[in-house]
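Please consider the structure shown here before reading on.

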Number of protein chains: 2
Amino acid sequence: MIGLGLIGGSVLRAASAAGRTAWGATRSTVDVEAAVADGYDATIDVVAALRRAGERDALVVLAVPLPAVDDVLALVGEHAPGCLLTDVTSVKLPVLDAVRRLAPRARYCGGHPMAGTARSGWAAGTPTLFSGAAWVACVEEDTELGAWREVAALALDAGAHVVPLRAAAHDEVVARISHLPHLLAAVLASVGAYGGPLAAALAAGSFADGTRVAGTRPELVRAMTEGNRAALLPVLDEALGKLGAARGSLASTGGLAATIDAGHEGLQRLDKHRTAPRTGVRVDLGAPDARDGLLALGERGGRITGLDGDVLTGEVG
Amino acid sequence: MIGLGLIGGSVLRAASAAGRTAWGATRSTVDVEAAVADGYDATIDVVAALRRAGERDALVVLAVPLPAVDDVLALVGEHAPGCLLTDVTSVKLPVLDAVRRLAPRARYCGGHPMAGTARSGWAAGTPTLFSGAAWVACVEEDTELGAWREVAALALDAGAHVVPLRAAAHDEVVARISHLPHLLAAVLASVGAYGGPLAAALAAGSFADGTRVAGTRPELVRAMTEGNRAALLPVLDEALGKLGAARGSLASTGGLAATIDAGHEGLQRLDKHRTAPRTGVRVDLGAPDARDGLLALGERGGRITGLDGDVLTGEVG
């Protein structure tokens, strides 16, 4: 584990709790000391931790913020060039590009455990942070399915279910369901704050709900939204188009039915997907169409929930 | 009480619970039957209820949706022309205009109890719906303070605190903190739904929070947003401007710091207003500057919490 903040520290705890031999490294002395005090194997020497991983054919997990990924990948390329490698960063295409540039021999499969809290650092982590959460494991044309299997096994050990996706599909959907919500919350908080103490006195449920994630640490929100620039721009344009259409309709006819009805129906459609009956599926990683099977499952909102040898079990709506 | 839905039904219950003689009327036979079955004095004969109010100098409370306000006001103007009159509609300038047109002799003071649930109709009401809520009571140049006092007394009896505001100030602030959140939630739900079953599978906290109010009945959202067109348009333009600036900055420099930092700071500023220490205030409705005192209190986010004779007590940050 390279990086022992909220996510990395929680993965280290979860892996250890599942009986794995796991060790971590980070340049944060605070986090190293806290991890060691909690009985974990942690060091400030990132190079030594990577060399040890290379010698033992261990799975290296990058759990550093996106702006630090390049530096750590350069160390991976130098000190553990052929290792099994994954990451827990919230955007996937930029990391895939960086791996191809800086650690091209690594057996890489990108990951994104979709869990978190507003707090950060080792002290904020728990071994159960990923329990019941989705953990995206990326499938590209050149992803080695053996590496994919190791990432899926780690995610399942941590109590998550696994969603196989292309990096591009991941980045597009998180732009919709995570990055756009953060930007709209920021805009709403700004517009609300212009209302001053009176706005504070009258704001209730709709404003509190709509602005909650604007309380997240700005550097975290910047890292994920700016890091997903290519996928976020067209989604932001969709939102601008819809909000502009609402504005135009209100100004011209006075009506907002199209906007409000579409939102209500959209929410119902998503709820329907979520509660649709699911059927069990099996994917054999040794089968020639395994890659297509995984991607078809993920794109339809399905999940992998079990692993026995090379046979994955899961469900899809 | 004219209208016995969620709000009107709850006001009737709260007024009765406070020991007032209260009666209601609505054209909904379902709501009349339910109210009568619960032991309340309710009729389908709106004209008779208004005449009775006129004879007894009772406070008439309009609790019908905005699109029905004109029809009921015409009846008020005909059958209880000089009555004490208030309403519980979520926009205030359009109702004030309608009163001036249709019931110009009424001793009117507009009101807006800022509480609600996603459900509707008599059956959804409770006597404690307004407990701890803000209840705006409007103060215009021509508002008779005796009428204002009656509305404040009703709100306090219902367990609410009273926020004195001009109708225009009310409509502007609810556009910011209630109507814009509903439109942004609708846009976000629409954009999210384009992500299909995969979006449903991966959406978590930020999306759920940001879209929650898109589940509200569309006709209720339309009534409040379309009814507040004049105040909502400039607020919608502010939001479009800020979202467009974020888009431009992401496309050109790749940075979103201005948007994200402003949202985070805005939220903190609002929290600071909300938790600022408050000092007690008194307003004597018989004093010559009472109207200015009330408005200064409301605009600064203050509230009236008690009434003894003509002396109001409250607090302001």
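This is a predicted model: local features need pLDDT of at least 70, side-chain atom pairs count only at pLDDT 80 or more; totals for chains, interfaces and linings use all residues.

Q: How is a domain division read, and which domains does chain A have?

A: Domain bounds come from an automatic or database domain assignment. For chain A, that assignment gives domain 1 (6-165) and domain 2 (171-274). The centres of domain 1 and domain 2 of chain A, taken over C-alpha atoms, are 31 Å apart.

Q: How many residues of domain 1 of chain A are in contact with domain 2 of chain A, and what area do the two domains bury between them?

A: Contact means heavy atoms within 4.5 Å, and buried area is the accessible area (1.4 Å probe) that two parts lose on being put together, summed over both. In chain A, 10 residues of domain 1 are in contact with nine residues of domain 2. The two domains of chain A bury about 730 Å² between them, with 62% of it on carbon and sulfur atoms. On the side of domain 1 of chain A that touches domain 2 of chain A, the elements giving two or more residues are H4 and H5 of chain A. Such helices (H or I, at least four residues), like strands (E, at least two), are DSSP runs numbered from the N terminus.

Q: How many polar contacts and salt bridges lie between domain 1 and domain 2 of chain A?

A: A polar contact is a pair of N or O atoms within 3.5 Å; within protein, one must be able to donate a hydrogen and the other to accept it, and residues adjacent in sequence count only if both atoms are side-chain atoms. A salt bridge is a side-chain nitrogen of Lys or Arg within 4 Å of a carboxyl oxygen of Asp or Glu. Between domain 1 and domain 2 of chain A there are three residue pairs in polar contact (both at pLDDT 80 or more) and zero salt bridges.

Q: How many residues of chain B are in contact with chain A?

A: The interface involves 85 residues of chain B in contact with 85 residues of chain A. About 7,800 Å² is buried between chain B and chain A, and carbon and sulfur atoms give 75% of this area. The count between these chains is four salt bridges and 20 residue pairs in polar contact (both at pLDDT 80 or more). Asp209(A) forms a salt bridge with Arg212(B), with the closest N and O atoms 3.3 Å apart. A network of salt bridges links Asp209(A), Arg212(A), Asp209(B) and Arg212(B).

Q: Which residues of helix H10 of chain A are buried, and what covers them?

A: Buried means under 20% relative accessible area, exposed over 50%, and partly exposed in between (1.4 Å probe, protein chains only). In helix H10 (residues 218-227) of chain A, the buried residues are Pro218(A), Val221(A), Met224(A), Thr225(A) and Gly227(A). Their cover includes helices H4 (66-79), H5 (93-102), H7 (167-193) and H11 (229-252) of chain A, together with helices H11 (229-252) and H12 (257-275) of chain B.

Q: How is a sheet read, and in what order do the strands of the open sheet in chain B lie?

A: Strands of a sheet pair through backbone hydrogen bonds, either parallel or antiparallel. Two strands pair if DSSP finds at least two bridges between them. In chain B, three strands form an open sheet in the order S3-S4-S5, with parallel pairing. Its edge strands are S3 (59-62) and S5 (107-108) of chain B, each of which pairs on one side only. S3(B) is joined to strand S4 (residues 84-87) of chain B by four bridges, and Leu62(B) stands opposite Asp87(B) in S4(B).

Q: What does the salt bridge between Asp157(A) and Arg20(A) tie together?

A: The side chains of Asp157(A) and Arg20(A) meet at 2.7 Å, N to O. Asp157(A) lies in helix H6 (residues 145-157) of chain A and Arg20(A) in the loop between helix H1 (6-17) and strand S1 (24-25) of chain A, so the pair ties together parts that are 137 residues apart in sequence. Asp157(A) is partly exposed at 38% relative accessibility, and Arg20(A) is partly exposed at 28%.

Technical notes:
Residues are numbered from 1 along each chain as its sequence is written. Chains are lettered from A and ligands numbered from 1 in the order in which they are written. Side-chain values use heavy atoms; hydrogens and water are left out.
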